[in-house]
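Reader: I would like to learn how to read the features of a protein model one at a time. Could you give me the general idea first and then the case at hand?

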Amino acid sequence: MNLIHLRYFVELAETGHYTRAAQRLCITQPSLSHAIDQLEKELGVPLFEKRGRHTTLTRFGEQFLHTAKNTLKTLNDGTEALRLAARGEGLIRLGLLRSLGVRFLPELAERFLAAYPEKNIRFSFRSGMTGSLLEELAAGHFDLVFCSDPGHRPESGSLISLPVTRQRLVLIVPQDHPLSGLDSVDLEQTLDYPYLYFSEGSGLRSVVDGLFESMGRKPEIACEVDEDQVIAGLVSCHFGIAIVPEMELLSHLPVKSIRIKSPAWERSLYMIHDSRFYMPPAAALFRQFVQEQTRSLPFLSEY
């Protein structure tokens, strides 16, 4: 099916006159007639019929007109989307940890859009755990992902990581816990109590594991949970104690946040892209903007 012939067909259907349609298409009338003849032969049915000086659609032509218009619209929309992308416009697809979606990324995106008001740029945001976010990045579903260090995952060879912010880690205990009177703690002091732990796939799992490995010790794990907010809720209900990122939610729950004195540790969060995939100009522009805005590597609580 020749797309040029489709355009000729739609123009003739709308004008109802071969001469006027040919003039608007900037072709000769015989060329238009030949194109319509070829289209009708290919389809095997007549699309037009003569009524006096006018050319009108047959019932087959009326049926085909809807299909032809939709086909051309899809093509035009796709072409325009590519042109927008080439000009640094269009959709930027972000994957992120939920904690980064409270203030950090929304505020960065807002400042970015304010810096480029002339560009037609949109964002999509989807949250998840580090493991699932990196899997979707490797599948080409995101332009950029904001999460924990990818470490030595099988897919990490093509990943380009840039640290963009930091999180402090704190120990949280119920307000009536034996440790609740402390303002700072050595993790050696906590090993007599069961822990709520991050599950495999969470970027924080390896971070917390690293804390205890540096001590040569292992905590008693009461249960494993995906989300830091769920862990905080369980701690408030006496299911155990936990190491979590410092976050605003903690001030609204009946838990005590205790600074970890030893071993010293903080968590870096990264902006990551997969070098195997073409990065659209809009996403590349946002990546550069984030890099400039986070050059000092602020703590997440500053946002």
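Reader: Which residue forms a salt bridge with Arg217, and how far apart are the closest N and O atoms?

Author: The term salt bridge is used here for a side-chain nitrogen of Lys or Arg within 4 Å of a carboxyl oxygen of Asp or Glu. In this case the partner of Arg217 is Glu188, and their closest N and O atoms are 2.8 Å apart. Helices (H or I, at least four residues) and strands (E, at least two) are DSSP runs, numbered from the N terminus. Before we go on, please keep in mind that this is a predicted model, in which local features need pLDDT of at least 70 and side-chain atom pairs count only at pLDDT 80 or more, whereas totals for chains, interfaces and linings use all residues. Residues are numbered from 1 along each chain as its sequence is written, and side-chain values use heavy atoms, with hydrogens and water left out.

Reader: How many salt bridges does the structure hold?

Author: There are 15 salt bridges in the structure. One of them joins Lys69 and Glu14, whose closest N and O atoms are 3.6 Å apart. Since Lys69 is in helix α4 (residues 59–86) and Glu14 is in helix α1 (residues 3–15), this pair ties together parts that are 55 residues apart in sequence. Another salt bridge brings together the side chains of Glu49 and Arg51, at 3.2 Å from N to O; Glu49 is partly exposed at 33% relative accessibility, whereas Arg51 is exposed, with a relative accessible area of 54%. Salt bridges can also be linked, and here Glu200, Arg205, Asp209 and Glu224 make up such a network.

Reader: How many aromatic pairs are there, and which residues form one aromatic cluster?

Author: Rings of Phe, Tyr and Trp (its six-membered ring) pair if their centres lie within 6.5 Å, and planes under 30 degrees apart count as stacked, over 60 as edge-to-face and the rest as tilted. By this rule the count comes to 9 aromatic pairs. In one of them the ring centres of Phe112 and Phe123 are 6.0 Å apart and the planes stand at 75°, so the pair is edge-to-face. This pair links distant parts of the chain, with Phe112 in helix α5 (residues 104–115) and Phe123 in strand β4 (residues 121–127), 11 residues apart. Phe112 also pairs with Phe289, with ring centres 5.4 Å apart and planes at 65°, so this pair is edge-to-face as well. Because Phe289 lies in helix α9 (residues 281–293) and Phe112 in helix α5, the pair ties together parts that are 177 residues apart in sequence. Phe112 and Phe123 are both buried, and Phe289 is buried too. One aromatic cluster is formed by Phe112, Tyr116, Phe123, Phe125, Phe286 and Phe289.

Reader: Why is strand β12 described as largely enclosed, and which residue is the bridge partner of Val145 in β12?

Author: Strand β12 (residues 266–274) has 7 of its 9 residues buried, so it is largely enclosed by the rest of the structure. Two strands pair if DSSP finds at least two bridges between them. Strand β5 (residues 144–147) runs antiparallel to β12 and is joined to it by 3 bridges, with Ile272 as the bridge partner of Val145. Strand β6 (residues 159–174) also pairs with β12 in the antiparallel sense, over 9 bridges, and Thr165 stands opposite Leu269 there.

Reader: Which residues does the cis peptide bond join, and where does Cys26 lie?

Author: Most residues other than glycine have a negative phi, and most peptide bonds are trans. Here a cis peptide bond joins Ser262 and Pro263, with omega about -5°, and Pro263 lies in the loop between β11 (255–262) and β12. Cys26 has a positive phi, near 60°, in the loop between α2 (18–25) and α3 (29–43), and Cys26 is exposed, with a relative accessible area of 72%. His238 likewise has a positive phi, of about 70°, and lies in the loop between α8 (228–236) and β10 (242–245), where His238 counts as exposed at 53% relative accessibility.

Key. Buried means under 20% relative accessible area, exposed over 50%, partly exposed in between (1.4 Å probe, protein chains only).
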